[in-house]
Amino acid sequence: MYNSKIIGLGKYVPDNVVTNDDLSKMMDTSDAWIQERTGIQERRWVKPGSGDTTSVMGVKAAKIAIERSGIDKDDIDFIIFATLSPDYYFPGPGVFVQKELDIKTVGALDVRNQCSGFVYALSVADNFIKTGMYKNVLVIGSELHSHGLDKTDRGRGVSVIFGDGAGAAVLTREESHTKGILSTHLHSQGEYAEELVVKAPGMGTRWVTDILAENNPEDESYFPYMNGQFVFKNAVVRFSEVIHEGLEKNSLEVSDIDMLIPHQANLRISQFIQNKFKLADEKVFNNIQKYGNTTAASIPIALTEAWEAGKIKEGDTVVLAAFGSGFTWGSVIIKW
């Protein structure tokens, strides 16, 4: 059995910056209202016609990660792509990454676990490498939310939160069992799945033919719905539980954490967890202020930025944690 370790990180965000003041011109909101509730100051939204899609952004992030990894693209044995916003209903974006990077015909897997998607994808990659099935796995988290948001007063509670972007990591084998990914921990609670959901188009609810036939301007089923307070209350509990679970699995204490990178859902959630664990500011990395909630892309973007800034060093204990739609949540414990 091997461990897996991250040897390359990359990120991509669109150039188009959308501030809270910009949003106040589209809907009845304000910079103060958004910052008070979410901590977000601005986000990146893809400009229509720019050529950026979920898979294109993923490819851009992946190229950087592969270059930094020091391996050739043809050394990649498998691709895992986490997203809730694929270019098409099907096929998923993983195969487009294989095509655009001109990688040999390796397998490509798409993970649809929304906010916890990158954590789930890392767990899959880790286990493929642990068993010896693959040596080098490319993992991508990428989201294009902006084209699917309700940018009217009706959708303001959700639309101000989300941004676009992509992050990627290259994982490889590590002989030492004390380095790399030490453990991953995954959970779900489907009874609350519809508290954060996009219901249509879906084969089990309302498909495209239904939407077209009804042509109902009041139909909100294809816009994101979120029970914000309920999600917040569950998030702070599950974040805490799954971080403790990872630490206990590896006989670690909270004081052993060198860097916590939570899913960037809401700055208030991150601050709540930081305070609960009594972690110093330099031990928690947040960038939701700049990018909003980029769902499956948030952890790899933040992980890349933290590493680029020198905040993650060899030997550090790094904890990744996420909670979101599904309800799904998880953590990854890494010895860098």
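Colleague: Hi! By class, what residues does the lining of the second largest pocket have?

Modeller: Hi! This is a predicted model, and in it that lining has five charged residues, four nonpolar ones and one polar one.

Colleague: Nice. Which residues are they?

Modeller: The lining of the second largest pocket is made up of Lys5, Ile6, Ile7, Glu174, Lys179, Gly180, Glu314, Ile334, Lys335 and Trp336.

Colleague: Which element gives the largest share of the lining?

Modeller: That would be β1, with three residues. β1 covers 3–12, and β13, covering 328–335, is the other element named as supplying at least two residues.

Colleague: Okay, new topic: charges. How many salt bridges does the count come to?

Modeller: The count comes to 17. As a general idea, side chains of opposite charge can pair when their charged atoms come close.

Colleague: What about Glu36, what does it pair with?

Modeller: Glu36 forms a salt bridge with Arg37, and their closest N and O atoms are 3.6 Å apart. Glu36 is exposed, with a relative accessible area of 57%, while Arg37 is partly exposed at 37%.

Colleague: And Lys73?

Modeller: Lys73 has a salt bridge to Asp74, with 3.5 Å between the closest N and O atoms. Lys73 is partly exposed at 27%, and Asp74 is partly exposed at 30%.

Colleague: Let's switch to rings. How many aromatic pairs does a search of the whole structure find?

Modeller: Eleven. One of them is Tyr88 with Phe96, an edge-to-face pair with 5.5 Å from centre to centre and 65° between the planes. Tyr88 is partly exposed, with a relative accessible area of 47%.

Colleague: And what about Tyr89 and Trp207, why is that pair edge-to-face?

Modeller: Their planes are at 70°, so the pair is edge-to-face, and the ring centres are 5.0 Å apart. For that label, the planes have to be over 60 degrees apart.

Colleague: Where in the chain do those two sit?

Modeller: They link distant parts of the chain, 118 residues apart. Tyr89 is in the loop between β4 (78–82) and α4 (94–100), and Trp207 is in the loop between β9 (196–197) and α7 (208–214). Tyr89 is partly exposed at 48%, and Trp207 is partly exposed at 25%.

Colleague: Which rings are linked into a cluster?

Modeller: Ring pairs link Tyr192, Phe230, Phe323, Phe327 and Trp329 into a cluster.

Colleague: And which charged residues lie over the face of a ring?

Modeller: Among them, Lys151 lies over the face of Trp45, 5.0 Å from the ring centre. Arg173 lies over the face of Tyr2, at 4.6 Å from the ring centre.

Colleague: Last topic, the backbone. Where do you see a cis peptide bond?

Modeller: The bond from Phe90 to Pro91 is cis, with omega near 0°, and Pro91 is in the loop between β4 and α4. The bond from Ala200 to Pro201 is also cis, with omega near 0°, and Pro201 is in the loop between β9 and α7.

Colleague: What about Asn215 and Thr295, what is phi for each?

Modeller: Phi is near 45° for Asn215 and near 50° for Thr295, and each is a positive value in a residue other than glycine.

Colleague: Are they buried or exposed?

Modeller: Asn215, in the loop between α7 and β10 (225–226), is exposed with a relative accessible area of 62%. Thr295, in the loop between α10 (288–291) and α11 (298–308), is buried at 1%.

Conventions:
Residues numbered from 1 in each chain as written. Predicted model: local features only at pLDDT ≥ 70, side-chain atom pairs only at ≥ 80, totals over all residues. Heavy atoms only, no water. Phe/Tyr/Trp six-rings, centres within 6.5 Å; stacked < 30°, edge-to-face > 60°. Buried < 20%, exposed > 50% of the residue type's maximum accessible area, 1.4 Å probe, protein only. Helix = DSSP H or I, 4+ residues; strand = E, 2+ residues; numbered from the N terminus. Lys NZ or Arg CZ within 6 Å of the ring centre and 35° of its normal. 1 Å grid on protein atoms, 1.4 Å probe; cavity = no way out; pocket = protein on both sides within 12 Å on 5 of 7 lines; lining within 4 Å. Nonpolar A, V, L, I, M, F, W, Y, C, P; charged D, E, K, R; others polar. Salt bridge = Lys/Arg side-chain N within 4 Å of Asp/Glu carboxyl O.
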